[in-house]
Amino acid sequence: MDSENDSSMEIDGAKHEKVAGKLSPSADQRTIDSDSDSDEQWHWRCQPIEAVQRGLQPFELDHLGPVVPSGQHRVLHRHPIRELANKPPRPFRGPHKWDAKHVRLPCAPESKYPVEADDGTSDIESRWSMIERALLRPISNSKQLQAAILSYNSTYKGQWGFGALHQLFDEELDESESRVFFEDLLPRVTRLALRLPELIQAPIPLLKQNHTCALTLSQEQISCLLANAMLCTFPRRNTLKRKSEYSSFPDINFNRLYQSSGPAVLEKLKCIFHYFRRVCPTERDASNVPPGCVTFVRLSGKPEDQVNWHLSGAALSGIPIHVNAGGTIEDQGMGLLQVDFANMYLGGGVLGHGCVQEEIRFVICPELLVSKLFTECLSPTEALLMVGCERYSNYTGYAGSFVWEGNHEDHTPYDSSRRRRTAIVAIDALSFGKTSKAQQYREDLMLRELNKASIGFKHLLSTPAPGVATGNWGCGAFGGDPYLKAIIQIMVCAHHGRPLAYFTFGNCQLRDDLHELWKLFRAHGTTVQQMWSVLRRFKRDAANRSLYQFVLDELKKLHKQPEKTKETTPQAVATTATTATGTTAQHSPDLFADDSMDSLINGALISEDDDDDDDNDNDANADDNDDAEQEQANAMMSAASLETTNSPKRQLTLLEMLDRHYDQAHSNGSKRQHQSSISEKSLKTRKDCKDGDASSGSNCRY
C-alpha cells in the first residue's frame, strides 16, 4: 500500500487471530503495510475489520428493534417473556385457522388423509392420528423409519426413495452410533414432533410476496416444527405441480434429502441430527432446550422507493472497506449483517444434493431451515432478514468436500428480545448460464442486482448501521462476474452508509484488484453515480477489456478531465453536497404498508445515508498528492459556481454531462434506461429451479 495510507492499515492492540486455520502473530510482529511480501499470510487489504465494526465491540449495534407484536409482526410466544432466562418462553394462544394465508399444520382437525382398507375400500382419516400411530411404534432401523413415514404419505410409496438415509446407517455410521440414534435420539425427536399441538397454539402466517411483515418464534417452537419436517408430516408440501397451493414456496419435508446422493448429503444429515441431539429434551431433563427466539422479516420494496443510482452522490470511499481472501462470513463477520447468497426459493438445494454457501449455512444453523415453511419465493425487490439463529456445528470443505466437524458452541450474546445477535439477510442473484453470462452487463439486469442488494442492505433503525459481511454473491453456479458483484455491493453499501467486509474465499487476485480500485476511490472521491455511469457503458464500449480493466481506465480518464463550470440540477448538487459533508441524513419512505411498521422497528426511521464520524476519520488519511489536491480544489470551485448558476434552459444532471462528454469524445451517442425490465425468462418456478442452479460448482465458494 502507498505510504500515505499506512495508518489506515494498523491493527488495534497486540492480539492473535485465526486465519485459514492458523494462529496469526500479534500486531507488533507484523508490518503495518499489508501489501508487503512478509504479510501475505494476512489475506486482507484496504482497512482492518475493526474499521468495519466502527471501532466498537462486535455486538454493540442493533439490526432490529425489540420485538413488539402487531398486525405486521406476529409473535408466536407470549410477550413480554416472563420465564427465567434459561427457560424457553411459553407459546401464545390464538384462534385456529386453516386457510391459504397460514401454514396448514398436520395436527389441525381439517388435516385428513385417504386410507385404503384390506378389502380395497377407502376412507378418510385424521392425518395426525395416522402420524401418532406410526411414530409411537418401535423403530429400530432405517427401513422401519421409511415404512413409518410412508404410512402417512402413501401416495408417494412408489416415488420417494430413502437411499441416503439407508447409506448413512448401513455404511457410514458404526453399529453403536446407529443403535444410539434409534434407541435414544429418534424417540426424542418423535416426542418433540408430537408436541406440535402444545407448542404451536396460534396460526403461523405465510410471509407472502409484496408484503413487508415479520414473524417471531421461540427456538423450542422451531425445533418442534423441524422435527415434523424431518419426519415428513407437513401436508400439501410434497407435490411439484406448477399450479399446486405451495408451488411458489420452498419444500420443507426432508424426503428429497433422504433420496439424494453424494458424500455431502451424508454430512448434511450428520449436521441436522447433531442439531436435534443438542435441542431435543430427554424424558427426565429439558435443560438443553434453547431459551431464545428468532425473528424473520420479509422486506418488500416498492418501485417508487427504489434508489436513483444516477443521482447518488455518495462517495465510494466514504465507508470503511475490508477485503479478505481468508476467513468466512460466519466466522469473521460476527456482529455484522451477514449475507446469504440465496436461491429465490429459500435454502436452495439444502434438502437435496446442494452444498454451497447457502446450503452450508442452513445446516450449521438449522433454525434457518424453518424459513422454508412459511416464506414464499422472493421477488426481484425482496429480501428476507433473519435475526437470532444459533450455530450448532463446525465444518470443513465445500460442495463435494464438505465434512461435518463436530459440535460448535455459539457464544453470541442475546439482545433484549432473547435473540442471538446474529443477523443474516437472504438476497437472490440472477442466474446466468454459460451461454448468457454476457447478458449480466445489460443495464436493466445490473439495475435489478443493485435494487436487490439495496432492499437487503437497508438499515431498519435510525441508529448507526452495523457493517455488511459479504462476498462473491451469485458467482458460483449462477455464473456472476465477481468484479461486477463486488462493485455493485460497494455501491449499495456506500449509498446506505454501511461499512463493508468483503470475503473473496481465497481469490487473492480479486482481493488485490479491489484494493487498487479502493485506492483510486480514495484518491479521487469517486461517487456512486460516477461508477454507475461507467458500468452502464461497459457492454457497449468494453472493446475486449475485462470489467476490471475497463473500470480502471474509465475512472482514470474521468478523474483526469479538467474541471469546468457546468450546469446541473439543484437536486444533483444537493445530493452531492449532502454526501460530501455528511451533515444531512436522508430517510427512505416507510417500507410497511401502514403505521404498524412502527411496532416492528420500535418507531425508528429507516436511515438511508447515515454518515458516521468514524467514516470521516478513516477517510482523513486518503492520498493527498498535489494532483489530487488540485482536482479537489477545482471540484470545489466548480460546485460553488454550480450553485450560483441560474440558466433558463433545462439543466443537465451530472450524469448527463459526463455521458455527453464521453459520447462527444467517441462520436457515439447512448440512451439511458433507469428502470429495470426483467424478463419473465429470468425467473424460475420451483420445478425449474433444480439443486444445481444454486448448489453446484466447486470453483467459487459463493
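Rings of Phe, Tyr and Trp, the last taken by its six-membered ring, are paired if their centres lie within 6.5 Å. In this predicted model, F169, F181, F182 and F273 form one aromatic cluster.

The structure holds 17 aromatic pairs. In one of them, the ring centres of F169 and F273 are 6.3 Å apart with the planes at 25°, so the pair counts as stacked. Because F169 belongs to helix 4 (residues 163-172) and F273 to helix 9 (residues 263-279), this pair ties together parts that are 104 residues apart in sequence. F169 is buried, at 7% relative accessible area, and F273 is buried as well, at 6%.

Another pair joins Y246 and F249: with centres 5.5 Å apart and planes at 70°, the arrangement is edge-to-face. Both Y246 and F249 are buried.

| Charged residue | Ring | Distance to ring centre |
|---|---|---|
| R237 | Y246 | 4.3 Å |
| K485 | W473 | 5.7 Å |

The side chain of R537 makes a polar contact of 3.4 Å with the side chain of E554. Between R537 and R442 the C-alpha to C-alpha distance is 9.4 Å, with a sequence separation of 95 residues.

E220 lies in helix 7 (residues 219-230) and is buried, with a relative accessible area of 10%. Leaving aside residues up to four places away in sequence, E220 touches P88, P89, R195, L199, V289 and P290.

Technical notes
Residues are numbered from 1 along each chain as its sequence is written. This is a predicted model: local features need pLDDT of at least 70, side-chain atom pairs count only at pLDDT 80 or more; totals for chains, interfaces and linings use all residues. Side-chain values use heavy atoms; hydrogens and water are left out. A polar contact is a pair of N or O atoms within 3.5 Å; within protein, one must be able to donate a hydrogen and the other to accept it, and residues adjacent in sequence count only if both atoms are side-chain atoms. Helices (H or I, at least four residues) and strands (E, at least two) are DSSP runs, numbered from the N terminus. Buried means under 20% relative accessible area, exposed over 50%, partly exposed in between (1.4 Å probe, protein chains only). Contact means heavy atoms within 4.5 Å. Rings of Phe, Tyr and Trp (its six-membered ring) pair if their centres lie within 6.5 Å; planes under 30 degrees apart count as stacked, over 60 as edge-to-face and the rest as tilted. A charge sits over a ring if NZ of Lys or CZ of Arg is within 6 Å of the ring centre and within 35 degrees of the ring normal.
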